[in-house]
Amino acid sequence: MIVSRRPDPWHLRTRRFLRATDQRGEFVHAARFLRRLVPGDSAPGDPLAPSTGRSSDRLARLLGEAGADRPSASRELGLAAVQAWQSVTRSKAEPDYSNGITVLFTDLVGFSTWALHAGDDRVLELLRAVADVTESIVTGHRGTVVKGLGDGVMAVFADPGEAVNAAYETCSAVSVIKADGYLPHLRAGLHRGTPQRVGNDYFGVDVNIAARIMAAADGDEVLASGSVVEELDPDAVNVRPRRSFRAKGTPKDLRVYRVVPRYSSQA
């Protein structure tokens, strides 16, 4: 006869004590405060963040999903450790931006209207697919995704030529992603300057200009300022002025161009 062994009451009490302690408000708040002090991305493992395949990102997502419906001091501390790990490893591999930074913004055209009726599951599925494609192409062109913006991203590049190629390839790749009832078309805007870096983010007029340029683009179109175009190899891209460009908060003498790599079918 097999006799099942009942759990030791001492172990049960210990387990309940640890679980209750882990969820106590003061400990959770303290752990969250510690995370805010740790350098790096304050939201590692965000399901809408681009997936890179790095082990730290996979660990962050597992930690974020584990018991996400209840507060946990141990989960917050685990995410803080991943955050610090990512900050150290990414800073070592960061390109040289001493000669200026090319800022890229992307955005899905018509996404908000479709998302109102698509349902959360389909919306998240599309956003994850777009984020994965974007991250892969940006890093493949030696760029860095600074942050996700819902249906787009902000990225930075040391080389403006790589930035243009990444923007165009991302638009092309996103256009073939399948989404029920919606044809995804990405638009992109590029501007080169010297924005101020704060932590892992960038701020300033140059960032705002890049965002304004992106907002003026049509679907599948890449627009770039003169500061980007003047750094490009003229044999590598086709450039056409966007004469009707007007945007609040940008310099009056700002020159904007539609750029297409010559290797593309639209060149």
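Does aspartate 201 count as buried or exposed, and at what relative accessibility? The views below take this up, starting with strand 4.

These legends describe a predicted model, where local features need pLDDT of at least 70, side-chain atom pairs count only at pLDDT 80 or more, and totals for chains, interfaces and linings use all residues. Residues are numbered from 1 along each chain as its sequence is written, and side-chain values use heavy atoms, with hydrogens and water left out.

**View 1. Strand 4 (residues 186-193) is mostly covered.** Eight of its eight residues are buried (under 20% relative accessible area, with exposed over 50% and partly exposed in between; 1.4 Å probe, protein chains only). Strands here are DSSP runs of E, at least two residues, numbered from the N terminus. In a regular strand the side chains alternate between the two faces of the sheet. One side of strand 4 holds Leu186, Ala188, Leu190 and Arg192, the other Arg187, Gly189, His191 and Gly193, and all are buried.

**View 2. Strand 4 pairs with strand 1 and strand 7.** Pairing requires at least two DSSP bridges between two strands. Strand 1 (residues 101-108) runs antiparallel to strand 4, joined by eight bridges; here threonine 106 stands opposite alanine 188. With strand 7 (residues 222-225) the sense is parallel, over three bridges, and glycine 189 faces leucine 223.

**View 3. Aspartate 201 lies in strand 6 (residues 201-203).** Aspartate 201 counts as buried because its relative accessibility is 16%. Its side chain makes a polar contact of 2.9 Å with that of lysine 147 (N or O atoms within 3.5 Å, one able to donate a hydrogen and the other to accept it; residues adjacent in sequence count only if both atoms are side-chain atoms). Leaving aside residues up to four places away in sequence, aspartate 201 touches Val146, Lys147, Met154 and Gln196 (heavy atoms within 4.5 Å).

Note on methods. Helix = DSSP H or I, 4+ residues; strand = E, 2+ residues; numbered from the N terminus.
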